[in-house]
Amino acid sequence: MQLDQLLFVFAFLPLCIAVCAAMPQKLKKASLALFSLLFAAWGRPADLIIILSASFFVFFTGLEIGALRENGCRRLAGLVFAGGFAGVLGLIVLYKYLPLTVGSLSSLTPPVGLSFITFSLLSYLFDVFSGRSGPAKDPVGFFLFVGFFPKLISGPIIAWHDFEHQLEGCRISADSLERGLRRFAVGLAKKLLIANAIAASYNALAASSGARTVAGSWLALLFVSFMLYYDFSGYSDMAIGLGAVFGFELPENFLHPYACDSMTGFWRSWHATLGRWFRDYVYIPLGGSRGTKLETLVNMLCVWFLTGFWHGGTLTFFVWGMWHFALLALEKFIFRNVREKFPHPVRVAIVFLLAIIGWVPFFSDSLTKTVGWLGRLFGGAPLWDASVGYYLLTGGAALVLAVLGSGNLPGKLYKKALDRSPDFLRAVSAVFILLLFAVCVALMTGETYTSFLYAGF
Amino acid sequence: MNLKALLFSIARWISLGAGVLFVVLSLRGGKSSASAQDVFSAAKAAMDVSGTEQAEPAAITRLYGIDPSSLDGCFLLFPSTNMGAKELFVAKLADSSDGEAILKAVGERLDSQKKSFDGYGAEQFALLTGSSRIVCERGFVIFTVCAEADAVIDAFKAAL
């Protein structure tokens, strides 16, 4: 089940809201956990066994670490932590990486959201072992942290120490419903109206002769850049909105990354929770930037190696990770002062260009295709083809909308208008969102299904 | 280690054991990594192929309405003459969700053959009704019509 399917929007979600709202406070968490189990099991009930056994494994590991620390057995607690850590890592290696090289494991299909569940489990173990949080005593609350359905498939990633204190605040109110569903509708529109429209243009262009020209390659690159942004940020909006419905504040994941004027800023704004996770649980424990320049570089290299590897165990993701490591290292150590000499719009344009070039290996099946695409971008192909003009016209509207919407201008304009006439604007925006939602429903009913891109990681 | 920690440790190991058991069972019952060519060859070796010939992809599309390129491998032995009924079809599914569509296509092929021979070829009709097998297992679909149908299915399963 996905968040942009009719079954979810018109059956699962209303039922979940109705049941949770009707339940007494002490049963709300349990109801939400049950619905999350149902969501995870939909289509492949057997997946629940892995999700539950991994959750219980880490739950009891946390309790054991807590009990050992209470008795001063820090060394033993460390060993248990290491065992728990290895167990969780082993799970993701088994399902995600070994099948790439071991033929007999190719039949193993990872459970839904495994990559993101892994982040939750590892961050929990780190927090409990370091003493940042106490171990969870309530398995229902812990399972909700691991498998909460809005964030199960593609995040946002939230650490245990940020989630645990929200568990007792689990409730549905008129305000949370309005705020949450509004945000959900916006995310749905981003996915269905913009991301899917751009995806259709991209797929058609990629299959045409236009893709083998310089102009077509740049157009394809723009298409994938905004397709990914609206698909993933749309999903994040939906997840954050759904969390808000039930009284949970999930962290923001996209903060206008294409409007950033530095690569550091870009990575604090693009899939922000992933960057934060690697910073808190890899970069800082390794020493961060507290050591020498070389030590800092090595720590950054580790982070970007792991970031690329997490996305996929292929060379193209490794290249993507190394591209961003190189850019961040250059920005931090070489170009830190040079940057300030350029005006803000120029810095934004440069960062945008460098970021989208990184999507070439990200979206290529092989290094050969990566090199081919890069070659065509920089002149190694005919300049133009009639089909490029066609796809520019047919996909151009969605692209223009995408470019305008990806910056922080719409938000600024909305806030300004809200200050002037709040009631009028709230009413107009409510009608607008309802209309958007109606169009989304029509699209959901009529269109071939396109899954969320990040669901594949 | 105190009692509390020991109990949590036991629970931890039980959870881990449950997960490992599930993975092992999944590997045993999951999609086969065998190639369609190998499985087809093994099944073919168990039957008398006289009176049959190997089909081109276009013939698979014509007879079954299936696009072979949508599968992970697909092979067909079909009758050389209109009076033959022996057949062997093996397909490796690219996606497990394709199984239903392929099984439906195979079922329609069998029904069509039965209709062709009903009242005209008693021997062929008997083969189609009594000695035909359709099996879907571990990401593969096999359809066979021959006197050695059971042996073909055994060979098919052994090759997975």
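**Helix packing, nonpolar cores and local backbone features**

The crossing of α12(A) and α13(A) is right-handed; a crossing is called right-handed if the near helix is turned clockwise from the far one by less than a right angle, and left-handed if anticlockwise. The structure is a predicted model, in which local features need pLDDT of at least 70 and side-chain atom pairs count only at pLDDT 80 or more, whereas totals for chains, interfaces and linings use all residues. Residues are numbered from 1 along each chain as its sequence is written, chains are lettered from A and ligands numbered from 1 in the order in which they are written, and side-chain values use heavy atoms, with hydrogens and water left out.

Helices (H or I, at least four residues) and strands (E, at least two) are DSSP runs numbered from the N terminus. Axes are lines fitted to C-alpha atoms, for helices over the stretch in contact, and the angles between N-to-C directions run from 0 to 180 degrees. Angles under 35 degrees count as roughly parallel, over 145 as roughly antiparallel, 65 to 115 as roughly perpendicular, and the rest as oblique. In chain A, helix α12 (residues 272-286) packs against helix α13 (residues 293-311) at an angle of about 140°, their axes being 10 Å apart, which makes α12(A) oblique to α13(A). Contact, defined as heavy atoms within 4.5 Å, involves L274(A), F278(A), V282(A), Y283(A) and L286(A) of α12(A), together with residues of α13(A) that include M300(A), V303(A), L306(A) and W310(A). Sorted by class, the residues of this contact are ten nonpolar, four polar and no charged; here Ala, Val, Leu, Ile, Met, Phe, Trp, Tyr, Cys and Pro count as nonpolar, Asp, Glu, Lys and Arg as charged, and the others, Gly among them, as polar.

Among the residues making the contact are F57(A), I65(A) and L68(A) on the side of α3(A), and F81(A), G84(A), G87(A) and Y95(A) on the side of α4(A). This contact of α3(A) with α4(A) has 13 nonpolar, four polar and three charged residues.

The axes of α10(A) and of helix α19 (residues 386-406) of chain A come within 10 Å and cross at roughly 40°, and these helices are therefore oblique to each other, in a left-handed crossing. The contact includes L219(A), L222(A), F223(A) and F226(A) from α10(A), with Y391(A), L392(A), L399(A) and V403(A) among the residues from α19(A); its residues divide into 14 nonpolar, four polar and no charged.

In soluble globular proteins, nonpolar side chains tend to be buried together. A nonpolar core is a set of buried Ala, Val, Leu, Ile, Met, Phe, Trp, Tyr and Cys residues joined through side-chain atoms within 4.5 Å, where buried means under 20% relative accessible area, exposed over 50%, and partly exposed in between (1.4 Å probe, protein chains only). The largest nonpolar core has 141 residues, and those with the most contacts inside it are F8(A), L32(A), F149(A), F246(A), F266(A) and W359(A). Helix α10 (residues 214-245) of chain A gives the most to this core, contributing 17 residues. Apart from this core lies another, of 23 residues, which include I60(B), A91(B), L128(B) and F143(B).

Within helix α21 (residues 422-446) of chain A lies L436(A), which counts as buried at 18% relative accessibility.

Most residues other than glycine have a negative phi, and most peptide bonds are trans. The peptide bond from G155(A) to P156(A) is cis, with omega near 5°, and P156(A) lies in the loop between α7 (149-152) and α8 (160-163) of chain A. H256(A), in the loop between α10 and α11 (263-269) of chain A, has a positive phi of about 55° although it is not a glycine, and is partly exposed, with a relative accessible area of 30%. In chain B, R138(B) has a positive phi near 50° and is placed in the loop between β4 (132-137) and β5 (140-145); with a relative accessible area of 26%, R138(B) is partly exposed.
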